[in-house]
Amino acid sequence: MLEIKNLHAKVDGELVLKGVNLSVLAGEVHAIMGPNGSGKSTLSNVIAGKPEYEITDGEIVFDGKNINDLVPDERARMGIFLGFQYPVELPGVRFRQYLKTAIDSIRKYRNLSDMSPREFTDLYDKNLELLKMDKDLVKRSVNDGFSGGEKKRSEVLQMCMLQPKLAILDETDSGLDIDALHLVANAINSVSKSGTATVLVTHYKRILTYVKPQYVHILYNGQIVESGSEKLADDLEKKGYDAFVKKN
Amino acid sequence: MSSFVNWIEKCFPAGDVPGNLSGTLDNFSGEEWKNTNLSVLFETNFILPGANLKISKPVLYFDDFLNLVFVNGIYSESLSNTIVNKDVLIGGFSKNKDKDHRIASYLDQTDVTNDPFKELNNAINKDMAVISLSENQIIDKPIHIMFITTEFDQPVMTCPKILLKLEPGSSCTVVESYFGESQGKYLTNSSTTIEVNDSAKINYYRLLLQGADSFHLGTVDVDLKANASLESTFFSKGSKLSRTELNVLMNGSYSESSINGLYHTVDEQHIDNVINIDHLVPNTKSNLIYKGILEDNSRASYSGKIFVAQDAQKTYALQSDKNLILSDKARVNTKPILEIFADDVECFHGATAGAIAEDAIFYLMSRGIDKKSATEMLIEAFASETIDGINPDAIRQYLYSILLNSKFVLV
């Protein structure tokens, strides 16, 4: 599904990714952990195609296609979803209209007609229930005035609605209380079961007890310095990042 | 700059200069005219249009409203819903035709003004739009006053005059709109007086939707008495040069005004908004929120002055002007001013100008929405705060439709 080869990327003239290699198959869950400034968010944003990030070497192959030069909306229509670490508030943009436009853009790319309002409402209600979110959200503006936890749940709600092939969740677990974390983990599991490849970018092992990753990677100084099974996260918790960094 | 008097003398044949306009002084040197370049206007000779009432239903005509249609300054009885009874006066009237004593007294009011364009309006306005409600009269249907300029071979000028007079406890919703069938040059020089007496309430929406080569100069004077309320939206899109001056007197305690504005400029258009809100007595409240969307090489200026008199304690006043600049060449000049002489007040002001936030565009694109749609979505969202405040659904929907028909240059 996702094949990243020797990826180098710059932001603000500084080289942040220095040769990342990563391969994620459909239905797999990968966790990427790493200290602050190691390049986790950069990696997420580069995959999603954020304009100020420049790929200087290597390639990102998604669904068999090199997407290095594709604009973000095209990547999204192909099936890439980014759950933002800091979701943007869009006052005045109605949540329902926004989600419907997004869904229909993606459907159009797949040669499907617009989702009927009824089907949309059913899907929306189902996912709101899954995340135990307020039905009135639909009347509000996107993320406008949402609390930190609501914003993160809103990201996961959007993922559930858009049914991507690849979901990159950038610190989606940060700022969630334990109940919200359960709900979010549930939702991620259900999307993952449907075949979505999932990349969880996180600081904390906590979410990995609810969403079981097949692989855990440690990103340090722009490179993946260690990859392993779920157990790697336990080791990391015990020994700290230094233990893994020094080996290199 | 050629002078007002020279221009008037060019527009009117010798000996035909109306009123005492010949003696009018150019009075455009002050701060309030600083950003309006009248030279393009003064280069054009305008004539007074002859009667031409051959017009089918105007574009913005809604059957479930009370409609007052003025074509080239002349009231069209056939297209309008005139109401004349002892409590309510709604229609277009003139001194010659209408003998109602109320009309005579309104028309006899001669404002003492040092504004040359107001003088011009006084001198040549034809039929006056009047809405006059006696005590406790409530008009449920929106009243829509339309001023339409039709096609002429030569540039024409019209001087609409509007009087909205609400006696205590009365209320109504008024839409005052200006549009032109003509794509050529024409001048509309309007003057609106709104008198809202104790505990009366008016929703007032003013829509400038004139042709790309038109000029519009308008003044709106509002006087709010105790407990009176004004809910208002000023929407402007179109004219080559337009200037709207709004003067609000908060003249009675517990009066409230909520005024929203939205302007959208393209090409070489220039729009000017000059607003004065005077809080003259204690316990009054005003909200003034303007927004601008600027494209191409267009210019906008906003000057909002909140004045709080020494006695006007417990005044609440908020004003802001926010601008979305969609082109490198567009410019806005924004000047929110507070002049406060009382010491126990809450006053806020602010102004912003900037492009659409890149991170907002990226967020929408990351959901599969293309850049053009994302931009439009954000512009609509920006405008929605203003447009959503408009009460008649039909007007609100119409404004959305013309806003979204715009070209919106990609950022």
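How many residue pairs are in polar contact between domain 1 of chain B and domain 2 of chain B, with both at pLDDT 80 or more? Some notes on that and on the chain A sheet follow.

1. The answer is 1 residue pair in polar contact between domain 1 of chain B and domain 2 of chain B. Bear in mind that this is a predicted model. As for salt bridges across that interface, the rule finds 0.

2. For orientation, the domain assignment of chain B puts domain 1 at 4-252 and domain 2 at 358-411. Their centres, taken over C-alpha atoms, are 31 Å apart. Contact involves 13 residues of domain 1 of chain B and 12 residues of domain 2 of chain B.

3. The two domains of chain B bury about 1100 Å² between them, with 82% of it on carbon and sulfur atoms. On the domain 1 side, look at Y205(B), F235(B) and K237(B): they supply 38% of the area buried against domain 2 of chain B, more than any other three residues.

4. Over in chain A, there's an open sheet of 6 strands, ordered 6-9-10-3-11-12, with mixed pairing. Strand 6 (80-83) and strand 12 (223-228) of chain A each have a single partner strand, so one side of each lacks a neighbour in the sheet. From one strand to the next, the twist averages 20°.

5. At the strand 12 end, strand 11 (residues 215-220) and strand 12 of chain A pair in the antiparallel sense over 5 bridges. Here L219(A) has I224(A) as its bridge partner. Helix 7 (residues 231-239) of chain A packs on the sheet, touching strand 3 (29-33), strand 11 and strand 12, and its direction makes about 45° with that of strand 11 of chain A.

Key:
Residues numbered from 1 in each chain as written. Chains lettered and ligands numbered in written order. Predicted model: local features only at pLDDT ≥ 70, side-chain atom pairs only at ≥ 80, totals over all residues. Heavy atoms only, no water. Pairing = 2+ DSSP bridges. Helix = DSSP H or I, 4+ residues; strand = E, 2+ residues; numbered from the N terminus. Axes fitted to C-alpha atoms, helices over the stretch in contact; angles between N-to-C directions. Contact = heavy atoms within 4.5 Å. Domains from an automatic or database assignment. Buried area = accessible area lost by both parts, 1.4 Å probe. Salt bridge = Lys/Arg side-chain N within 4 Å of Asp/Glu carboxyl O. Polar contact = N/O pair within 3.5 Å; in protein donor to acceptor, adjacent residues only side chain to side chain.
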